[in-house]
Amino acid sequence: MKKIFVALFLIMCGFISYSQVGTIKGFVYNKDNGEPILFANIILENTSIGTTTDDNGYFVINNVKPNTYNLKIQCLGFRDSTFVITLSQGGMLNLKIELLPSAQQLDLVEVVGNKEAVRTESQVSIKKITANDIYKIPSIGGQADLAQYLQVLPGVISSGDQGGQLYIRGGSAIQNKVLLDGMVVYNPFHSIGIFSVFETDIIRKADVYTGGFGAQYGGRLSSVIDISTKDGNKKRTQGKVSFSTFAVSALLEGPIIKDKENKPYSLSYILSAKKSYLSSTSKSIYSYMDNDLPYEFFDLYGKLSLTSNEGSKINLFGFNFTDDVKGYKNVADFNWKNIGVGTNFLLLPPGTSSLVEGTIAYSKYNMDMSATTNEGEQSSEISSFSGILSATSFYDKNQLKYGLEMIASKTSSLFSSMTEEVVDNSTEMAAFVLFKGFLGNLLYEPSIRFSHYASLSESYFEPKLSLKYNLSKDFRLKAAMGQYTQSFIDTKSDRDVVNLFTGYLTTGPDLYGGVVSSFQGKAIDHYIEKSNHFIFGAEWDIVRHLTLNAEIYYKTMTNLMAVNRDKLFDDNSLNTDLPDYQTKTFAIEKGTAYGGDVSLLYSDGRFYLWAIYSYGKVERENEIQTYNPHYDRRHNINVLVSYQFGRDRSFELSARWNYGSGFPFTGTQGFVEYLPISSLDYDYTSANGNMQTLYGSLNAQRLPAYHRLDISAKKRFNVFAHSVLEVDVSVTNVYDRNNIFYYDRVTSERVDQLPIMPSMAISLTF
């Protein structure tokens with residue numbers, strides 16, 4: 001099968017046309033700040049030739065006959081621009097185009113670039129998000145955040161408002177790969193699940209792949225969230241300060257060397273900081289709550305950008321994200337810390353239309369728990385040094401991308417049950433090739449990734465394929481399939497509905513406490529987790545501004561390593577006759593996930609409506625039983641609506657309603673006193689033992705359904721020429737729904753998630 005796929009890939013690449021007559025390439029920028037403009041439409045008037053800009057604002061038009069043309073550039077929110085160009089035989093024009101933002105936004109403007117993109121990109125299981133999209137959602141705590149927007153996406157499940165994680169199409173949280181400017185971020189969410197570590201105002205775009213992602217991404221089984229930050233303003237210094245009932249934030253950006261026509265390059269910076277004080281306001285403003293919210297976080301991010309007039313650039317960036325949870329439920333103190341530093345670059349080799357991109361980065365995440373019970377202290381750390389280099393070549397409408405990647409990682413964990421810290425080092429090396437081509441109305445994107453896990457001496461070819469067929473200009477079919485591998489696991493127990501501590505380990509035969517040697521009668525000869533994705537969907541532009549998108553998916557997962565919940569005995573010489581699943585600390589499982597999503601989107605620039613229904617079922621199978629993991633939510637509904645009032649659209653109302661069926665959980669049957677008998681003269685009649693929990697059947701019960709309505713109102717005031725004051729009033733959980741968080745296993749107390757919470761924020765942009 002794999003040999004057939006590789007042969008097909010090479011045949012498809014053979015369709016590349018090298019008969020270029022002439023080439024027009026360049027970048028499109030915002031004239032006000034020098035930021036690249038995504039999805040701008042580039043047209044040679046009176047011809048059928050055109051294209052759109054990519055994530056870098058870059059475009060290429062190949063095979064253009066020598067002539068004089070009117071080149072027209074269009075993009076929503078910017079003034080149209082048209083100018084005359086002349087292309088000679090075999091010539092290559094390298095353009096730098098700047099667009100002025102529109103003085104006013106028109107209701108009937110056509111989103112030309114996006115219309116072109118849906119026909120020329122496969123867009124299977126992907127949502128491209130910008131900061132403007134995030135601001136459409138009601139801003140919990142007065143601050144719009146990526147974490148809140150991600151929870152709306154088709155196929156995405158959030159486990160809760162506090163300590164919540166994202167589960168995407170049946171994958172666990174550790175199976176999601178999150179990248180910030182090409183750097184891995186191991187924990188992108190704060191301890192209170194409504195905030196991410198990413199400040200909205202620094203986000204240029206976020207590509208969220210819920211499945212079927214291409215070979216440029218590897219090392220995860222489920223999904224990819226690829227976030228790029230904007231460069232600092234190249235024209236002038238500007239900033240923003242914001243105060244809310246939850247947090248305070250500040251942003252400053254500007255040029256060190258201004259972008260001017262007489263200078264070959266520019267240098268700019270951007271800095272952002274965000275500090276929460278929710279633990280204080282929950283005691284004062286929200287004193288009616290049954291429990292305090294002991295969550296504190298502090299985020300710092302900085303970036304330097306050096307950009308040439310031809311479009312090449314290099315960035316230096318770094319971040320420090322911290323979380324503190326003091327006295328959570330009077331049980332423990334938690335501390336999280338993300339740090340990272342890196343550089344990425346974009347180069348345009350002279351005389352070609354190709355792009356060369358690369359990233360070198362170091363990222364580390366560690367977590368500590370200091371318990372007030374007999375559980376003791378626990379800690380876990382994961383870090384990596386990574387590098388990726390890729391090149392993209394353009395041949396007419398076709399593209400070829402290829403590259404190399406290397407990730408050297410280290411995990412270390414110390415749990416209460418361990419006598420010593422467990423440290424593992426691993427290295428993953430990969431090579432990948434992607435091709436994008438057209439055969440009439442068919443768009444095909446085959447790709448293949450070769451991954452070598454050096455520490456385990458295991459190698460894998462991971463073929464992938466995405467397709468789109470344009471049945472008409474308004475109706476399209478799409479599909480994707482692929483194989484994926486992963487070498488990291490977490491140690492979070494799914495017997496506990498709420499567990500704020502997560503440990504990270506590297507897969508392998510030498511895991512602390514041992515791994516079972518067989519699974520369902522077959523010997524285990526490899527230790528890399530695997531997954532297969534199969535996706536089919538359709539897109540229909542029903543009428544102007546109204547689009548229906550539907551997808552179904554099926555996912556298989558094999559060789560999954562998990563903490564062995566069926567272990568009953570110590571792994572010693574007295575128990576050698578017992579099966580491994582009764583003595584080893586780690587077990588092997590397999591799983592399936594299947595379901596579908598339907599979304600209806602209406603957007604005319606002023607009114608925005610997005611309604612999504614998702615169905616999903618997840619099953620895991622271990623040595624003795626089949627069960628549903630704790631994130632198996634069958635039904636999930638999201639409705640997001642916003643409307644901008646006034647000629648200048650300075651007043652906006654938005655609302656979001658979410659419904660989710662109940663999560664499975666493991667009930668408590670009772671308690672038993674455990675007596676640690678250590679000798680024959682142990683006096684069990686007077687000794688005090690330790691209380692042990694007797695669990696019911698694994699995830700055999702379901703929590704009640706979850707639903708919540710959030711609303712928000714925003715008003716903008718123009719203070720000075722470049723200054724805007726914005727007031728945001730929002731209400732979370734408007735009708736005060738008592739959504740259950742968990743049941744305390746010891747006291748049987750019901751603990752609910754966030755009650756009704758009004759909030760207010762004031763921000764000043766200058």
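**Stop 1: Ser196.** Type in Ser196 and zoom to the loop between β12 (183–184) and β13 (203–209), where this residue sits. Keep in mind as you go that what you are looking at is a predicted model. Is Ser196 buried or exposed? Its relative accessibility is 1%, and buried means under 20%, so Ser196 counts as buried.

Now show the side chain. Ser196 uses it to reach the backbone nitrogen of Phe198, at 3.2 Å. Next, bring up the surroundings. Leaving out residues up to four places away in sequence, Ser196 touches Asp145, Leu146 and Ala147, then Pro188, Phe189 and His190, and also Lys274 and Asp299.

**Stop 2: Arg169.** Select Arg169, in the loop between β10 (166–168) and β11 (176–180). Which side of the buried cut-off does Arg169 fall on? With 3% relative accessibility, against a limit of under 20%, Arg169 counts as buried because it falls below that limit. Check its backbone too: phi of Arg169 is near 45°, a positive value in a residue that isn't glycine.

**Stop 3: Asn63.** Jump to the loop between β4 (58–61) and β5 (67–74) and pick out Asn63. Here is another residue other than glycine with a positive phi, near 55° for Asn63.

Stop 4: Time to look for gaps. How many cavities of 30 Å³ or more does the structure hold? There are twelve of them.

To find the second largest cavity, select Tyr135, Gly142, Gln143, Ala144 and Lys240, which lie nearest its centre among the 22 residues of its lining. Then colour three strands: β15 (238–244), β44 (723–732) and β47 (757–765) each give at least two residues to that lining. What kinds of residue line the second largest cavity? The lining splits into eight charged, seven polar and seven nonpolar residues.

**Stop 5: the whole chain.** Zoom out and switch to cartoon view. You'll be looking at 47 strands and five helices. Of the 766 residues in the chain, 54% are buried.

Technical notes. Residues numbered from 1 in each chain as written. Predicted model: local features only at pLDDT ≥ 70, side-chain atom pairs only at ≥ 80, totals over all residues. Heavy atoms only, no water. Helix = DSSP H or I, 4+ residues; strand = E, 2+ residues; numbered from the N terminus. Buried < 20%, exposed > 50% of the residue type's maximum accessible area, 1.4 Å probe, protein only. Polar contact = N/O pair within 3.5 Å; in protein donor to acceptor, adjacent residues only side chain to side chain. Contact = heavy atoms within 4.5 Å. 1 Å grid on protein atoms, 1.4 Å probe; cavity = no way out; pocket = protein on both sides within 12 Å on 5 of 7 lines; lining within 4 Å. Points joined across faces, edges and corners; volume = space filled by probe spheres on them. Nonpolar A, V, L, I, M, F, W, Y, C, P; charged D, E, K, R; others polar.
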